[in-house]
Amino acid sequence: MNRLSSGRKWLVLFTTSLAAFQTPYNSTVLSFITPPVLGKYFHAPPLMVLIYVPIVYLIPLPTLMITLGRLSDIYGRVRMFKLGFVLFLTGSLFGSLAPNIYALIIASLLMGFGSSILSPGSAAIVSQVFPEGERGFALGINAMAVYLGLTSAPFFGGLITQFLGWRFVLIITTVLTVVGLIVSQFSMRGGIELPRRAIRVDYLGAITFTVSILSIVMYLILSAISGWLYYLYLLVIGLVSLFIFILIERRINNPMLDLNLFTGNVSFMAGNITALLNYVSTYSVPFLFSLYLQVFLGYNPFIAGLILVSEPVFMAALSPVSGRLSDRYGSREIAALGMGLIGVAFVLLLLLNIRYVIYIVLSLMVLGIGFGFFSAPNTNSVMSSVTADKYGVASGVLGTMRFMGGQLLSITVASAILVSYMGKYASLYLFTGVMMGNLVVYQSFIDGLRIVLVIAAVLSFIGVYTSLLREK
């Protein structure tokens, strides 16, 4: 990989960063921007547009990333990466032409499948192309692309939907995907693709793992809507399948997921555990404070978005810087510093009077700085802890931690805590954005929010310890 010219490397980085941008941008737009418009346009019930359209996009991500990462290690990362672009392109184009809500749901699923290849594939290919000493900075650029997707989605998605219509959101996504696919034909030709490995695919392991994660994911999603006991059988299926998966992986020569990565590689295990702790603690914060700013303080969505953007702006700006620092001074120490700053941000939110917006902004700035110092170095630590033949599966594991911890566990746990404090009736109005002035309801929300922040702070400080773990 060192034989590639500097120009080729940067062209590869542009291609992978464009792919990394697509997943958070489109998941945010589909989850928060377009649902009200889609409901009116298709005369569809709220369940269809508020749950099914974004959920079918997200489900393949935690469910399939490890399996597809492993397949990319076997069949070729560039081939799989281009397949991801093709699936994403097909979904976005089909979605932009969708005649009804059902077609849009299918399109969203196709985009999700594409993202489940592109998201881990980006980090794997960057790790393959950039050697140690350059890798942290390159992964920082990739991380910056992710945060730019998160940051720009509310503004640009809302602007495009407002003035051009929701179909243009997907048309522009289609154009960007075409650009990425065309550029990949030049940037990833010759000298990058690894030869196909002559080993058998662990289909049984892949099936049992997929069934396990899918069952657990569906349990978390459905239980957040209907209660924690009604779909308990899904959790049982998930845990039993996971147990069977572990038994299978310990008995075959070329497992889908080499469990020695966790039991015999401290850096890999610690980096992924820290990533899980990071996303469980941080992901629900913008969601909760978006509700707080709009429902209790009375800010409109635009102003609330401007306040909340103080976090991802610093995440995006500092990711390349922290990546470069990790190349020079070591990944674990920089990642630990980031987790420590994240913990401090939660302590500030607990101690300061959050009725004053300036204190929220200051705390979110510290949170964004901490996240900016954590993400790229932690990814660098994980990817540098494995050999090149495992970059795909390593990136898939890291991506699974991100989506399981953030978009599932963090939101689910935070929502459950709020419902337990506020009650289902008040929570229903809260999640629909209805302005509330009742002091009892306000105090119940604050009590629940404080519990979430305490848990987040504790997890973050534990993450400082896990970040510093290393081989003896």
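1. Cavities first: the structure has five of them at 30 Å³ or more. A cavity here is a set of points on a 1 Å grid over the protein atoms alone where a 1.4 Å probe fits but cannot get out, and lining residues have an atom within 4 Å of a point. Volumes are the space filled by probe spheres set on the points, with grid points joined across faces, edges and corners.

2. Before going on, some ground rules. This is a predicted model, where local features need pLDDT of at least 70 and side-chain atom pairs count only at pLDDT 80 or more, while totals for chains, interfaces and linings use all residues. Residues are numbered from 1 along each chain as its sequence is written, and side-chain values use heavy atoms, with hydrogens and water left out.

3. Overall fold: 20 helices and zero strands. Helices (H or I, at least four residues) and strands (E, at least two) are DSSP runs, numbered from the N terminus. The C-alpha atoms fill a box of roughly 65 × 55 × 45 Å along the principal axes. For 472 residues a compact globule would have a radius of gyration near 23 Å, and the 21 Å of the protein agrees with that. That radius is taken over C-alpha atoms, and the globule rule is 2.2 Å times the number of residues to the power 0.38.

4. The largest cavity comes to about 90 Å³. Its lining includes Val 280, Ser 284, Leu 409, Val 413, Ile 455 and Leu 459. Two or more lining residues come from each of α12 (266–282), α18 (391–422) and α20 (439–467), and α18 gives the most, with five. By class, this lining has nine nonpolar, three polar and no charged residues. For the classes, Ala, Val, Leu, Ile, Met, Phe, Trp, Tyr, Cys and Pro count as nonpolar, Asp, Glu, Lys and Arg as charged, and the others, Gly among them, as polar.

5. The second largest cavity holds about 70 Å³. Among its lining residues are Gly 69, Arg 77, Phe 81, Ser 116 and Pro 120. Here α4 (60–75), α5 (77–96) and α6 (101–129) each give two or more residues, with α6 giving the most, six.

6. The axes of α4 and α5 come within 6 Å and cross at roughly 130 degrees, which makes α4 oblique to α5. Axes are lines fitted to C-alpha atoms, for helices over the stretch in contact, and angles run from 0 to 180 degrees between N-to-C directions. Angles under 35 degrees count as roughly parallel, over 145 as roughly antiparallel, 65 to 115 as roughly perpendicular and the rest as oblique. Leu 68, Leu 71, Ser 72, Asp 73 and Tyr 75 in α4 are in contact (heavy atoms within 4.5 Å) with Arg 77, Arg 79 and Met 80 in α5. That gives four nonpolar, one polar and three charged residues.

7. The other pair is α13 (residues 284–296) with α17 (residues 357–384), packed at about 170 degrees with axes 13 Å apart. The two are therefore roughly antiparallel. Val 285, Phe 289, Tyr 292 and Leu 293 in α13 meet Val 357, Ile 360, Leu 364 and Leu 367 in α17. This contact has eight nonpolar, no polar and no charged residues.

Notes
1 Å grid on protein atoms, 1.4 Å probe; cavity = no way out; pocket = protein on both sides within 12 Å on 5 of 7 lines; lining within 4 Å.
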